[in-house]
Amino acid sequence: MNYDTIIVGAGPAGLTAGIYAARYGMNALIIEKKYPGGQTVLTEKIENYPGFPEGTSGYELALSFQKQCEKFGVEIIIDEVSSLSVSEDGKLHFVNTASGKTYSSKSVIIATGLTPVGLGVPGEDKLFGRGVSHCATCDGAFFKDKTVLSVGGGNIALQESLYLAKICSHIHLIHRRDTFRGEKILLDRITAMNDKITIHRDTVLQEIFGETKVESVRIKNLKTSEESVLNVDGVFLFTGNTPSADFLKSYLTTNILGYVTVDSSMATSVPGVFACGDVTDKQLRLVVTACSDGAVAAAAAEHYLSRVNDPK
């Protein structure tokens, strides 16, 4: 089948693009690598998305996006996109997947988001999945009444540490700087839980110890150079993300950090290919801005198809 648009990624940006594409009358397909919702699914509580005065879980919000998208007839399949190519006349795009399938479309919307990155410290790779994790809502239940280390200084680190505090007996939160990048309201909540959360500022993780599971960590204070060992059962790394765009680097323009470069209409350097959400070079990365990007990308794709189908 030849689609009007293929959307790569089913996070908030991709699902919103699907909703708007369908409402424009476009035959749309979404291809998602893991599960609809993206990293939003992994967020325990979202308080900054309009319309939810008491907040909502990331899972519930993502599920609502998915149901609304499917209500309008958008097909969602689980597969990993490995590459893109285009016909000689530039009018047809081919989306190739890891399963060996190729889908064709008149336009493409990239909404692949971000991928968590690690620190590369000794023991991290060896014990990943054995106490080392990037997702508190995924793995926090395994550490009920146990002590864990949380690493990071942004909103995600603070939100996930607060979530872990509901489950674990104690959390050591370390951040390489003196000040946190996260919102003040979250830091205030962290500080108020000093009986359960110990904050280590100007501190980095040096090594993770354990044979078959995490047993302890070595940390270092950057100001005093003092090193210490903490006995912990788990390590949660909230240390940043990288754009999920490696498969695109030979196809369209990305910046030095790997983010896809777009204009105000979410158009990329390749005609007929658009990008939206966290995979793009932008200042603010929130669910609400991802949704906005997705709506703009779908509208731009529809306008592009109108010009191609009726050049007059």
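## Contacts of Thr16

Thr16 touches Cys291, Gly294 and Ala295, leaving aside residues up to four places away in sequence. Contact here means heavy atoms within 4.5 Å. Thr16 belongs to helix α1 (residues 12-23). Helices (H or I, at least four residues) and strands (E, at least two) are DSSP runs, numbered from the N terminus. Thr16 is buried, with a relative accessible area of 8%. Buried means under 20% relative accessible area, exposed over 50%, and partly exposed in between (1.4 Å probe, protein chains only).

## Basis of the model

This is a predicted model: local features need pLDDT of at least 70, side-chain atom pairs count only at pLDDT 80 or more, and totals for chains, interfaces and linings use all residues. Residues are numbered from 1 along each chain as its sequence is written, and side-chain values use heavy atoms, with hydrogens and water left out.

## Aromatic pairs

The structure holds 5 aromatic pairs. Rings of Phe, Tyr and Trp (its six-membered ring) pair if their centres lie within 6.5 Å; planes under 30 degrees apart count as stacked, over 60 as edge-to-face and the rest as tilted. Phe143 lies in the loop between α3 (136-139) and β11 (147-151), and Phe236 in strand β17 (residues 234-237), so the pair ties together parts that are 93 residues apart in sequence. Phe143 is buried, at a relative accessible area of 8%. Phe236 is buried too, at 0%.

Phe274 and Tyr304 also pair edge-to-face: their centres are 6.2 Å apart, with 70° between the planes. Phe274 sits in strand β19 (residues 273-275) and Tyr304 in helix α6 (residues 287-309), so this pair ties together parts that are 30 residues apart in sequence. Both Phe274 and Tyr304 are buried.

## A ring cluster and a charge

Ring pairs link Tyr49, Phe52 and Phe65 into a cluster. Elsewhere, the charged end of Lys71 sits over the ring of Phe72, 6.0 Å from its centre. A charge sits over a ring if NZ of Lys or CZ of Arg is within 6 Å of the ring centre and within 35 degrees of the ring normal.

## An open sheet

Four strands form an open sheet in the order β1-β7-β6-β5, with mixed pairing. Its edge strands are β1 (2-3) and β5 (81-86), each pairing on one side only. Two strands pair if DSSP finds at least two bridges between them. β5 and strand β6 (residues 93-97) pair in the antiparallel sense over 5 bridges. Leu84 stands opposite Val95 in β6.
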